[in-house]
Amino acid sequence: MSALKFAKALPASTFARSAAQRAYSAAATGEALKKTVLHDYHVENGGKMVPFAGWSMPVQYSNLGVGASHNWTRNNASVFDVSHMLATRITGKDRVKFYETITVADIENLPVGSSTLSVFTNENGGIIDDTIICKHQDSLYVVSNAGCADKDLAHIRAHLKAFQNKGGDVDLKIIDDHQLIAIQGPKAAAVIEELVGKSLQDFPFMDGRFMTIKGIECHVARSGYTGEDGFEISVPNSDAVEFTKMLIADPRVELAGLGARDSLRLEAGLCLYGNDLDETTTPVEAGLTWTIGKRRRAEGGFLGAEKIQEQLKNGVTRRRIGLVVQGAPAREGAPIYANGELVGKVTSGCPSPSTKKNVAMGYVKNGVHKSGTELEVEVRGRKQKAVVTKMPFVPAGYHKV
Amino acid sequence: MKLPADLKYTASHEWVRVEPDGVVTIGITDHAQEALGDIVFLELPTEGTKIAAGKALAVIESVKAASDIYAPISGEILEINEQLADEPGAVNADPYAAWLLKMKPSSEAEFASLMDAEAYRQSIGS
């Protein structure tokens, strides 16, 4: 409660109380923070560095506050360093079969060059992490959360070994010779089009392509975590700083940090692992049933399939919802009531710069989850009106071909 | 960074102005508003509340987080700045004009614990 008492560390200490709280705790162990290739570039450009999931990352930059950076991304384009995320390449002829044993995705029927949001599940159907899987001709390109990197790798490798021991042909390689740089916002496509000198109109959202941008060989995924059109670009370490400078040289582009990233993803209704998803939550409860391919629902064959199939058949007892809250913003942990009865809690919440309302997501008992349901959220001992609201809270700007 | 010389300051980044009638006006410093970023909501105490120095007095919410504001001195809340309910961003625009509340101090002896502008400037290292 003493955020203002430590003004010099204010961005870190205030942000540490908000959505990414768990991820920040890694800093308290005293371990040295990891740095991305862009670390010094962030500092030179006014980045306020904070510990995040064991990494030193910019929460914001001195030229724009979090709200202004958020609005800039919604109207123009922003660059985010997301190199701390875990990127892996999966090879071997049985790679699809193996990944279907540990995720709920229908990778078999995913077109080559396309990607999907998915989840790694445990034996109880709980979510170990959320992930993006991109299917290429010869491999899978898989990105998951920095904060889950160690446990993801331990989990995947344990199952990988068992799979290999049964004669399965699959291999995993961590991609540590590339940085991941996201450019997000309605003007992101125009910025990249100018650099590559051709239209990207036929490049669908959630597709991934190998492209050469100003002589730099990149993997470009049309995806992101802001609700806007945009790209997540994997760039060789040696070119990462020059590449970022090239993006920032465009007057439509500003640097953005973790602060804006969090409010942008929340408005877009996207989950933050550790807050909105965890190992006790199934994809059905989390509103991520759509990530489970139809074939996978019928056939199962992934960890926790029995539990998930049972929930799909008989329903769930709690569900993830969006809320618009009156009065003070409701943050992580705020209790949710229906007619005086405790029915759940908020898992992420903030004042929304785009809508000027307080938005939140959380879990409530099945039955009080329908859009328009009036609930109450308790903030500092006071119950405030909150209405269940369909997400995203802002219209999605994803590119349609 | 603006630090008016006629105000007193706290290490927790509140400013205090002692009015001629002995009432004190309280706000947050330029340094605090800048570090907090866009202020979107203020929760102020009700008039008549009695509070001890150092206790949480109000809450300021930015997009990032909720932060406590502490009572610089002990006393009773006389008045809150109602205009901030509709326009919390006024604190960012001019933190010394956008006062938060007025208090009746219970002991003038506590004023001695407050910093002058120069001491506060040194405490924030600017």
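The following legends describe close-up views of a predicted model.

**View 1. The two assigned domains of chain A and the contact between them.**
The domain assignment of chain A gives domain 1, made of residues 3-80 + 177-201 + 210-267, and domain 2, made of residues 317-396. Where they meet, 11 residues of domain 1 are in contact with 13 residues of domain 2. On the domain 1 side, helices α4 (66-75) and α9 (258-267) of chain A each supply at least two of the touching residues. Helix α4(A) gives the most, with four residues. By residue type, the domain 1 side that touches domain 2 of chain A divides into two nonpolar, seven polar and two charged residues.

**View 2. The largest nonpolar core and A:Ile183.**
Nonpolar side chains tend to be buried together in soluble globular proteins. In this model, the largest nonpolar core has 133 residues, and those with the most contacts inside it are A:Val79, A:Ile183 and A:Val377. Domain 1 and domain 2 of chain A each contribute at least three residues to this core. Which residues surround A:Ile183, leaving aside its neighbours within four places in sequence? A:Ile183 is in contact with A:Ala77, A:Val79, A:Ala188, A:Val191, A:Ile192, A:Gly230, A:Phe231, A:Leu247 and A:Val253.

**View 3. Strand β6 of chain A and its two partners.**
Strand β6 (residues 127-135) of chain A is largely enclosed by the rest of the structure, because nine of its nine residues are buried. Strand β5 (residues 115-121) of chain A runs antiparallel to β6(A), and seven bridges join the two. In this pairing, A:Thr121 stands opposite A:Ile127 of β6(A). The hairpin of β5(A) and β6(A) has five residues between the strands, and A:Gly125 takes a positive phi near 85° there. Strand β7 (residues 140-144) of chain A also pairs with β6(A) in the antiparallel sense, over five bridges. Here A:Thr131 stands opposite A:Ser144 of β7(A), and a hairpin of four residues joins β6(A) to β7(A).

**View 4. A:Glu232, an annotated position in a strand.**
UniProt, in an unreviewed entry, places the feature "binding site" at A:Glu232. This residue lies in strand β12 (residues 230-236) of chain A. Is A:Glu232 buried or exposed? A:Glu232 is buried, because 25 other C-beta atoms lie within 10 Å, and the cut-off for a buried residue is 20 or more.

**View 5. Backbone features in chain A.**
Most residues other than glycine have a negative phi, and most peptide bonds are trans. A:Met206 is not a glycine, although its phi is positive, at about 80°. This residue lies in the loop between α7 (188-196) and β10 (208-213) of chain A, and A:Met206 counts as partly exposed because it has 17 C-beta neighbours inside 10 Å. A:Asn339, also not a glycine, has a positive phi of about 50°. Its place is in the loop between β15 (335-338) and β16 (341-351) of chain A. With 9 C-beta neighbours inside 10 Å, A:Asn339 counts as exposed. A cis peptide bond joins A:Met391 and A:Pro392, with omega about 0°. A:Pro392 is found in the segment after β19 of chain A.

**View 6. A:Val401 in the segment after β19 of chain A.**
A:Val401 is found in the segment after β19 (382-389) of chain A. Why does A:Val401 count as exposed? It has 9 other C-beta atoms within 10 Å, and a residue is exposed if the number is 12 or fewer. A:Val401 touches A:Asp202 and A:Pro204, not counting residues up to four places away in sequence. The C-alpha atoms of A:Val401 and A:Lys187 are separated by 16 Å, and these residues are 214 residues apart along the chain.

**View 7. Two regions annotated as domains in UniProt.**
An unreviewed UniProt entry gives the annotation "domain: Aminomethyltransferase C-terminal" to residues 318-394 of chain A. Over these residues the chain is 0% helix and 58% strand, and the end C-alpha atoms are 24 Å apart. For chain B, the annotation "domain: Lipoyl-binding", also from an unreviewed UniProt entry, covers residues 23-104. Over residues 23-104 of chain B the composition is 18% helix and 41% strand, with the end C-alpha atoms 5 Å apart.

Key
Residues are numbered from 1 along each chain as its sequence is written. Chains are lettered from A and ligands numbered from 1 in the order in which they are written. This is a predicted model: local features need pLDDT of at least 70, side-chain atom pairs count only at pLDDT 80 or more; totals for chains, interfaces and linings use all residues. A nonpolar core is a set of buried Ala, Val, Leu, Ile, Met, Phe, Trp, Tyr and Cys residues joined through C-beta atoms within 7 Å. Domain bounds come from an automatic or database domain assignment. Two residues are in contact if their C-beta atoms, placed from the backbone, lie within 7 Å. UniProt positions are given in the numbering used here, feature names are shortened, and annotations may be inferred rather than shown by experiment. Ala, Val, Leu, Ile, Met, Phe, Trp, Tyr, Cys and Pro count as nonpolar, Asp, Glu, Lys and Arg as charged, and the others, Gly among them, as polar. Two strands pair if DSSP finds at least two bridges between them.
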